[in-house]
Amino acid sequence: MRVNFTVNGRPQEADDVWEGESLLYVLRERLGLPGSKNACEQGECGSCTVRLDGVPVCSCLVAAGQVEGREVVTVEGLAEYAKEREAHGGCASGACGTSVDAAKRWEAKPAQDSQTGEGVELSPIQQAFIDAGAVQCGFCTPGLLVAADEMLERNPSPTDADIREALSGNLCRCTGYEKILDAVRLAAARQERQGEAV
Amino acid sequence: MAQNTRTVPVGTPTDVTQNHVKGGIGESTLRPDGTLKVTGEFAYSSDMWHEDMLWGQILRSTVAHAEIVSIDTSEALTMDGVYAVLTHEDLPAAKNYGMEFQDTPVLAYGKVRHHGEPVALVAADHPETARRAAAKIKIEYRELPVVTDEASALAPDAILVHENRDDHHSGHVPHPNIVHRQPIIRGDAAAAAERADVIVTGEYTFGMQDQAFLGPESGLAVPAEDGGVDLYVATQWLHSDLKQIAPCLGLPEEKVRMTMAGVGGAFGGREDISMQILASILALRTGKPVKMVYNRYESFFGHVHRHPAKLWYEHGATKDGKLTHVKCRIVLDGGAYASSTASVVGNASSLSIGPYVVEDVEIEAIGLYTNNPPCGAMRGFGAVQACFAYEAQMDKLAAKLGMDPVELRQLNAMEQGTIMPTGQVVDSPAPVAELLRRVKARPMPPERQWETAGEGADVRALPGGLSNTSHGEGVVRGVGYAVGIKNVGFSEGFDDYSTAKIRIEVINGEAVATVHTAMAEVGQGGVTIHAQIARTELGVQQVTIHPADTQVGSAGSTSAGRQTYMTGGAIKNSCEIVREKVLEIGRRKFGSYHPAWANAELLLEGGKVVTDGGEALATIADVLEDQAVEVEEEWRHRPTQAFDLVTGQGDGHVQYAFAAHRAVVEVDTELGLVKVIELACAQDVGKAVNPLSVVGQIQGGTTQGLGVAVMEEIIVDPKTAKVRNPSFTDYLIPTILDTPTIPVDYLELADPNAPYGVRGIGEAPTLSSTPAVLAAIRAATGLELNKTPVRPEALTGTL
């Protein structure tokens, strides 16, 4: 079958999709977007988390056909997504989510240096993960970033209990989660400081 | 394609002086692969892709022990999209491989020896096609009785898991179903027991733990025009893989070119070969690139696990708390293939009494062959199981003596100069008592944290959490302590070395260095510190880390906490040789201009040649001009000795690492639910080359120990030897809700034998974490709890 949907603001068309394929498989193997990860492929680990019409979902549990005509944001589009969100009022009100119109106005831009990633503009949560030491092997990182970014959109000043609750569907085996908590706190604090400066 | 070459960005600014480069050792520089990992661009082994590639799929045995009567591949072969269906009959060369014992079949022939053993292989143009084709292969088994424990392995009529063993341990083991036996006898334990005022005994059971790295076993094999293969895989040791892969492909090693793909965690589970040989065989057979990716179910069968163990201990002490003797017996289940079982036995035995002074010991550790899943390396490697038991014993002893459990440990704590049961003198700092003091002195987390200002409880702070099972009723707090000892590096006379190729040259007027090693970056941050070491030693700002591959000499394994010591040491050593060569060039060019060039104490700092007084003589760029200096050298730690097979005596270990934990838990005693509130760690790290990474390693290791304590276990049916929970639905690892705050306090007491004084850090925190949590649960409940993991039924008496 053919599936038409939008990924990171770009219309995409996937052909010859077998009906049993997951959104995760289509992203990774058909659209060249392997950032969403395949750690369990059974909805337990959260490493494949993407946003489907704004809602965080395990893309391994979404059948490709279910995304027909819908909007998907992956880790590859996270920086642009965050930038657009900020440009269009952020989400301090708590009434969040990106409208389809807004989503269509932006596109993910490729890294300037695909070898090192240097010079790439990052979203606050991405930068905070690097700065706080929240990345070790990094396999859980994309899913955690998408989930944490969505939480900060809804809840810009989360308590530790809020962070733990929001990220409880994302397994990490390397870090013991402490530096992931640090990273989310850091991103929230930076977001707050930026908000005050404005 | 995975080309992970990257220029290392410099991390957070620090207060280094103008003359020094930023980002040298001791600074928390940031990961060079961080940006790629947060943008989704980092190429893990499962992300590999190639035009025209096929997908490989393994068919695994559905039974644990059986003769293979027949294999019928005809139906699978007729399916559209299927390119190859292979069995053992199609293997091109050697039929077995293995790290220490070549006992593991590439594809089963004659027999299968454990549930999930690879039997046949499919290549197809879509992974689902490959799976369906594999399902159409018909295998007829004639089932055999299963060997599942010591009793069935050593019974008079026991069936042999491997007939006609001929390996380096088969000559001395008391039974062919024993992979290796290592006794240690020192002093006279029987006589010492006479002096004991108090004796405690215990029997302990340690469950089978899975590494549960998140990146599944995967990779890409690309057939090459010269008849060889290019292999992109995630592994812990490229050169060990290569040595095992090449003979099975019937190729010389130079025709198997391996490049490290991104590794999604390892923890010991990637020491053994997984899909490397099978993907290569399919690629060579079909002439097409072949990708293989295990799903999580298959991953549980696709790598070895931590050895489950039974442990018997007897500890004696005088009435004032001095240990008189320890006797112990440790039985490790190695499963169907040896993997690293023999080395795990050596570790369990030599580290079995913990970081304590005991002069009279009787120790025996054995590793079994059974039909259970193969077990091998996992973080902590034999020392984890022992620590769980000896620390439970220390608490038991303290209770019987009426002593404080921390004081009892401190009273018997080893220190620099202590003699191990193996006769080896601990010849660098061993701050065991101090580590315990530090975790104990830490303020306690506040009580009843679930209480909120308003009405009701924040259930998220309670055992049971969001399940809303308690508002504090029946919740009891407990506190427990533990400390452990772990060896660092490869032991028992193994020729353990690493290799570093260092190049320095001038690019755009600036001296830059390239570090090329075969070190497996599995997440630990080796790539970060490699650049730090090169900056410190060569005084250059820009350091490029070359991708790890087999075009450079072996780095040894990323395991045993050894890479900062070993590949770090190799880089330091090669850099020192490079530096001498640069200075030689400088002396030839500029020696006549300044008498200081004759001074032997010249350094490379801030891109310049400087005297030890700080006077700059020339820039490195002016010294080198268009000349490059390149050095590739092997580097070894001091040699170790094998343990005597009868007495266990021998200087078997390179270095020891120590960590202590304090666990604070709250238990809902009615439902048997445990919440770990805080798990504080103190550890001696020798030298924190990158403090941020050091803390991250300690927190991660601590959490894996927590998992074993309360939730992690691969359950194997004792009747059928089949695995019952191969999924993340049924095999639980700690989530962010299960993991408490983990305050870390590290000491930097240099080991004078190690580069920069470093001490391996990754493993020790995994040891003491588990027994500390167990001790805390015992303290809360008053229950004995001699088995990991502690599940609710063990706490409510409904077992």
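The legends below walk through close-up views of a predicted model. Local features here need pLDDT of at least 70 and side-chain atom pairs count only at pLDDT 80 or more, while totals for chains, interfaces and linings use all residues. Residues are numbered from 1 along each chain as its sequence is written, and chains are lettered from A, with ligands numbered from 1, in the order in which they are written.

**View 1. Here chain B meets chain A.** Chain B brings 57 residues to this contact and chain A brings 51 residues (two residues are in contact if their C-beta atoms, placed from the backbone, lie within 7 Å).

**View 2. Now look at the side of chain B that touches chain A.** Strand 1 (6-7), helix 1 (34-39) and helix 16 (691-710) of chain B each supply at least two of its residues; helices (H or I, at least four residues) and strands (E, at least two) are DSSP runs, numbered from the N terminus. Helix 16 of chain B gives the largest share, 7 residues. By type, this side of chain B holds 21 nonpolar, 27 polar and 9 charged residues. Ala, Val, Leu, Ile, Met, Phe, Trp, Tyr, Cys and Pro count as nonpolar, Asp, Glu, Lys and Arg as charged, and the others, Gly among them, as polar.

**View 3. Next come the domains of chain B.** They are domain 1 (6-42 + 497-636), domain 2 (46-144 + 216-263 + 270-302) and domain 3 (436-480 + 654-796), with bounds from an automatic or database domain assignment.

**View 4. Finally, domain 1 of chain B touches domain 3 of chain B.** Their C-alpha centres lie 38 Å apart, and the contact takes 17 residues from domain 1 and 16 residues from domain 3. On the domain 1 side, helix 13 (526-538) and helix 14 (563-590) of chain B give two or more residues each, with the largest share, 5 residues, coming from helix 14.
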